[in-house]
Amino acid sequence: MAIDNEFNVTYITFGGHIELEKYKFLYFAIMFTAYILILCSNSTIVCLIRIKKSLHEPMYIFIAALLFNSVMFSTNIYPKLLMDFLSEKQITTHSQCSFQGFIYYSLTGSEFFLLASMAYDRYVSISKPLQYHTIMRKTTVTVLLVLTWLLPACQLVPSAVIINTSQICSFTLNGIFCNNAISKLYCATPKISYLIYGVFILLNTVFLPLLFILFTYTKIFIICYRSCREVRKKAAQTCLPHLLVLISFSCLCSYDIIITRVEINLSQTARFIMTLQVVLYHPLFNPIVYGLKMKEISQHLRRLFCSEQI
């Protein structure tokens with residue numbers, strides 16, 4: 001039943017799984033392994049930055065925040081997904097689905113704000129090296145971190161209120177976790193106002209941070225072009241990982257926007273594979289990029305693992 005009248009609970013069925021009865025143990029093994037790798041790889045670098053005093057700089061603090069954001073993002077998706085793989089019915093309550101969707105988009109917005117904060121940090125470091133420690137004080141970093149998690153969540157509060165007060169007419173979600181596809185389950189969603197609100201969120205949490213990042217990196221490239229080789233080398237070492245993460249995350253997020261907001265038909269298999277890419281690829285990509293490309297972090301990681309082997 002979709003509605004339990006005794007407890008007044010509305011249930012939603014996830015309809016995006018492919019041949020789950022046949023491959024459920026394979027799905028579980030792959031995603032469980034991925035989740036453990038995500039937790040271990042991200043947490044190792046976060047703890048390393050926390051322990052090593054040489055890494056107590058704004059750039060590394062932002063990296064730790066980004067990796068911690070990946071852990072929270074994955075924890076919001078994976079435990080429920082893993083339970084669904086082994087369950088007879090892939091269901092969730094309406095309130096749990098709303099909460100998962102809220103956390104999902106809140107942390108996605110936080111990712112863009114964190115990347116914007118990192119771009120600003122790199123811009124100040126390269127364009128104003130003598131004033132860097134004056135501008136990027138502990139207070140500044142703390143304020144930026146609070147805003148990166150607070151602003152996206154606050155902007156999504158009206159959406160959460162609308163969702164919880166809307167009536168559901170369809171009870172099967174075309175996906176494997178709760179995202180914007182939930183809007184298609186409601187009987188009468190005010191299309192124009194909902195679209196305007198969606199565009200407002202998109203502008204504030206995605207396009208404005210992206211424009212700011214493009215502006216700062218353009219300025220950085222201009223400064224580097226006019227500077228010596230040493231400055232260009234330093235900029236490449238610290239900026240390249242951020243750009244790789246930004247491009248990767250933007251490409252994956254575009255899938256969610258195009259498929260769930262815009263009416264584009266995809267086969268269920270293609271939709272399933274792309275959805276797994278969103279939750280699988282990026283949380284693993286971040287620690288690999290920062291662990292290999294950031295010189296200070298990679299050196300500490302080598303010492304850590306080499307000392308353990310000895």
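A word on the ground rules comes before the tour. The model is a predicted one, so local features need pLDDT of at least 70 and side-chain atom pairs count only at pLDDT 80 or more, while totals for chains, interfaces and linings use all residues. Residues are numbered from 1 along each chain as its sequence is written, and side-chain values use heavy atoms, with hydrogens and water left out.

Let us begin with helix α1, which covers residues 20–51. Helices here are DSSP runs (H or I, at least four residues; strands are E, at least two), numbered from the N terminus. Inside α1 sit F28 and F32, four residues apart, about one turn of the helix. Their rings form a stacked aromatic pair, with 5.7 Å from centre to centre and 5° between the planes. For such a pair, rings of Phe, Tyr and Trp (its six-membered ring) must have centres within 6.5 Å; planes under 30 degrees apart count as stacked, over 60 as edge-to-face and the rest as tilted. Both partners are partly exposed: F28 has 24% relative accessibility, and F32 has a relative accessible area of 39%. On this scale, buried means under 20% relative accessible area, exposed over 50%, and partly exposed in between (1.4 Å probe, protein chains only).

Y217 counts as buried because its relative accessibility is 4%. A search of the whole structure finds 13 aromatic pairs. There is also an aromatic cluster made up of Y23, Y27, F85 and F272.

Now for how helices pack. Two packed helices are described by the angle between their axes and the distance between the axes. Take α1 and helix α2 (residues 58–86): their axes come within 9 Å and cross at roughly 160°. The axes are lines fitted to C-alpha atoms, for helices over the stretch in contact, and angles run from 0 to 180 degrees between N-to-C directions. The two helices are therefore roughly antiparallel to each other; angles under 35 degrees count as roughly parallel, over 145 as roughly antiparallel, 65 to 115 as roughly perpendicular and the rest as oblique. The crossing of α1 past α2 is left-handed, a term used if the near helix is turned anticlockwise from the far one by less than a right angle, with right-handed used if clockwise. The residues of this contact divide into 26 nonpolar, five polar and two charged. In that tally, Ala, Val, Leu, Ile, Met, Phe, Trp, Tyr, Cys and Pro count as nonpolar, Asp, Glu, Lys and Arg as charged, and the others, Gly among them, as polar.

Staying in α2, we find S74, which is buried at 0% relative accessibility. Not counting residues up to four places away in sequence, S74 touches Y35, I38, P79 and P283, where contact means heavy atoms within 4.5 Å.

A further helix pair is α3 (residues 94–127) with α5 (residues 138–165), whose axes come within 8 Å and cross at roughly 150°. That angle makes α3 roughly antiparallel to α5, and α3 passes α5 in a right-handed crossing. Among the residues that meet are F102, Y105 and S117 from α3, and L144, T148 and W149 from α5. By class, this contact has 15 nonpolar, eight polar and no charged residues. S117, found in α3, is buried with a relative accessible area of 6%. Aside from neighbours within four places in sequence, S117 is in contact with F62, L144 and T148.

I135 is in helix α4 (residues 132–135) and is partly exposed, at 23% relative accessible area. I135 touches Y120, V124, K128 and T140, again leaving out residues up to four places away in sequence. T238 lies in helix α7 (residues 229–261) and counts as buried, at 10% relative accessibility. Beyond its neighbours within four places in sequence, T238 is in contact with M59, R122 and M294. The C-alpha atoms of T238 and L115 are separated by 13 Å, with the two residues 123 apart along the chain.
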